[in-house]
Amino acid sequence: TGSNVNLLGLKIRRGTNTNAGVGGVAEMLWLENTVYNWTIEECFIDGNMTGQIARLGYYYTEIACKGEIATKPQVITVRNNYFTDTGSRATDLRCIRDLIISGNIFRDCGVNIPGGNKGTCVEVQSYDATNTLRPSYNVTITGNVFQRFGDGAINCGGTYDLVISNNVVEGASVFNVEPLGIEENAISIIGGERISIVGNTCTKVRSGGVQVRTQIVTGTVLKPIQSVVVANNVLTGGVTPTGAICETSLQVQGLNATLYVRNVSVIGNTLDNTSISINSAVNCPVDGVVVSGNTIRGVATTGANYGVYVSDNGTNITGVVISANRITNCARAIYAPTVLPADTQVVANDYGNCPIGLSDPVTPALLLGPDLKYPGITTMPAKTQSIAAFGPVTYDATVKLVSGSGGPVESSSTGPTGATTSGQIIYIIGTSDTNTVEFKQSASLHLGANRVLGNGDVLTLIYVLGFGWVELAFSNNV
């Protein structure tokens, strides 16, 4: 307890435990909830988990400071320390105002706990001994190195004014070692407001790289989340030495109907061999997620076949913007397994070599625009249609393979049917030099000239609401 204390250069090692009893807590350094202005720096902290015997329900923590109802610890700094072989929590700091964790090295933390349990490196939570929510405020976690861990590197819940920046997180597979724990997340944020996750590097983590989500903890602790920026991080997936997937993905998740996720900006991140997902489970409202300016380069190794994944179990996701992203080497650049929310804006993305840009099995017409900056993409699998005389092309896919029914035919003068939004694009490709399809200019089909599609010929049209279809290009191929 006390104020204005600096613990400098200590070497702390947990003794060997040979008592196989049941239950208990073992903190190496416990700070009372009344502490003020404490600094712990340049210490060597060895949890000695390899020297412990399994005890059912035993909880090992290296540095703990937990606020209670009446008081809240303030101004705690943990910097330039070396943590190794630690237990359930290398640091467990709760209900704190003004916390800095910087320049530390966490190595092999939470992986050797006897009894098979696994632990985390940095834990910042916001519920006290009575399970009452008491948020931590003004928390900075910056410039730390996390190498091989059990459950997670950074786990923050119900924290306000949180900055996580310029940390390096490396899973066990980086060192060609199979993970001993689940490596659930490199950075996990469960509830809170005004949060910045910027400039971090996460490599080969078994599960998530950055996770932003809601949760209900034991008792009455409710953790909605809002006003989050995830920017300029580098996430790299891969596989473990035995071939298991290291996702290292970026996830925005709503996990409880009584909470919400609001105003999350995912901007300027670089993802290699992994993906971005937006998910609402059990009817949790998710609103105002912006995914913009990110580079997503291939996910083949991790088994995922999409760059941005949007999953809604109802009508709970609203206000999503997916714009100006560069997505390559994915089977589906943007994928909604059920239905993309109706007000989603998908604008000016570059899908590179992705064979499918947008994919949604329920409402395909919704997904066919307005990606005008890169119109040469495919947004749905190609569909084949036999056109009757004066019959229309049905706009139910971006690429339509057409031929005349029984011989050469003239298609409807009104152009394709089914378009609803300005900016929707269709590529009409002929498949027969015998059963050709002719398109003639009209008040709703604006062409450079009448077009006849034989085998391999392509007519590209863009739809303008209230004006009709306008020719973008025509190719008379051999």
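Let's begin at isoleucine 189, which touches Cys156, Leu162, Ile164, Ile195, Ile197, Gln211, Val212, Arg213 and Ile225, leaving out residues up to four places away in sequence; a contact here is a pair of heavy atoms within 4.5 Å. The model is predicted, so local features need pLDDT of at least 70 and side-chain atom pairs count only at pLDDT 80 or more, while totals for chains, interfaces and linings use all residues. Residues are numbered from 1 along each chain as its sequence is written, and side-chain values use heavy atoms, with hydrogens and water left out.

Ile189 belongs to the largest nonpolar core, of 72 residues, and is among those with the most contacts inside it, together with Ile141, Ile187, Val308 and Ile327. Such a core is a set of buried Ala, Val, Leu, Ile, Met, Phe, Trp, Tyr and Cys residues joined through side-chain atoms within 4.5 Å. Buried means under 20% relative accessible area, exposed over 50%, and partly exposed in between, using a 1.4 Å probe and protein chains only. A second, separate core has 17 residues, including Ala419, Leu459, Leu461 and Tyr463.

What about the cysteines? Cysteine 109 is buried because its relative accessibility is 0%, yet its sulfur is 4.4 Å from the closest cysteine sulfur, in cysteine 121, too far for a bond. With a disulfide taken as a pair of cysteine sulfur atoms within 2.5 Å, the count is zero.

Finally, visit tyrosine 260, which at 21% relative accessibility counts as partly exposed. Leaving aside neighbours within four places in sequence, tyrosine 260 contacts Thr214, Pro224, Ile225, Gln226, Cys284 and Pro285.
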